[in-house]
Amino acid sequence: MVKVQRIVAAYIDFMLICLVSSFLTYCISFNEEQLSVLSLAVYFISFFLMYIFRDCIFKDASVGKKIMKIKVASLTKQKITWEVEFKRNILLFLLAPIEILLVMIYNERIGDRIAHTVVVQNNILGKI
């Protein structure tokens with residue numbers, strides 16, 4: 001069940017991050033007739049940062065994870081920090097097809113192993 005919830009949550013997060021990054025780009029380039037290098041840089045940098053740190057921004061669960069009632073938990077019982085989030089998500093950013101395939105087959109990503117994390121149902125570990 002968590003496998004499907006993870007995939008749906010990732011899709012929700014991706015769409016929201018694209019929307020927010022596009023809005024920021026629009027705000028930067030509002031008076032310009034064409035996109036500038038600055039506008040594109042704002043889009044890609046904002047997308048990257050929001051994508052990598054999406055779970056940390058909202059306390060162990062991104063917007064998609066909150067909607068799907070799942071969260072990121074540490075196997076070492078430590079708080080999910082910015083550093084842990086970076087470890088978890090940098091490989092997802094770089095190797096998305098492989099990571100998605102691993103979630104579909106094993107419900108675990110390489111990033112989860114490296115960061116010693118797992119995605120669980122929210123009701124297992126309490127409220128988000």
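A residue counts as buried when its relative accessible area is under 20%, as exposed when it is over 50%, and as partly exposed in between (1.4 Å probe, protein chains only). The model is a predicted one, so local features need pLDDT of at least 70 and side-chain atom pairs count only at pLDDT 80 or more, while totals for chains, interfaces and linings use all residues. Residues are numbered from 1 along each chain as its sequence is written, and side-chain values use heavy atoms, with hydrogens and water left out.

Here is the overall picture. The protein has eight helices and two strands, where helices (H or I, at least four residues) and strands (E, at least two) are DSSP runs numbered from the N terminus. Going along the sequence, these elements follow the pattern α-α-α-α-β-α-α-α-β-α. Of the 128 residues, 41% are buried. A contact means heavy atoms within 4.5 Å, and among contacts with a separation of 6 or more, 70% are between residues 24 or more positions apart.

Next come the helix pairs. Helix H1 (residues 2-28) packs against helix H2 (residues 37-52) at an angle of about 150°, and their axes are 9 Å apart. Axes here are lines fitted to C-alpha atoms, for helices over the stretch in contact, and angles run from 0 to 180 degrees between N-to-C directions. Angles under 35 degrees count as roughly parallel, over 145 as roughly antiparallel, 65 to 115 as roughly perpendicular and the rest as oblique. H1 and H2 are therefore roughly antiparallel. On the H1 side, the residues that meet H2 include Phe-14, Ile-17, Cys-18 and Val-20; on the H2 side, Leu-38, Val-42, Tyr-43 and Phe-47 are among those that meet H1. Sorted by class, the residues of this contact are twelve nonpolar, five polar and no charged. For that sorting, Ala, Val, Leu, Ile, Met, Phe, Trp, Tyr, Cys and Pro count as nonpolar, Asp, Glu, Lys and Arg as charged, and the others, Gly among them, as polar.

H2 also packs against helix H5 (residues 82-94), at an angle of about 125° and with the axes 8 Å apart. This pair is therefore oblique. H2 brings Phe-47, Phe-48, Tyr-51 and Ile-52 to the contact, and H5 brings Glu-85, Phe-86, Asn-89, Ile-90, Leu-92 and Phe-93. By class, that makes eight nonpolar, one polar and one charged residues.

Gln-5 lies in helix H1 and is buried, at 7% relative accessibility. Leaving aside residues up to four places away in sequence, Gln-5 touches Met-68, Ile-70 and Gln-121. Asp-60 is not a glycine, yet has a positive phi of about 70°. Asp-60 sits in the loop between helix H3 (54-57) and helix H4 (63-68) and counts as buried at 15%. Lys-69, also not a glycine, has a positive phi of about 60° and lies in the loop between H4 and strand E1 (70-74).

Last, the cysteines. A search for disulfides (pairs of cysteine sulfur atoms within 2.5 Å) across the whole structure finds zero. For Cys-27, the nearest cysteine sulfur is that of Cys-18, 16 Å away. Cys-27 is partly exposed at 41%, whereas Cys-56 is buried at 15%.
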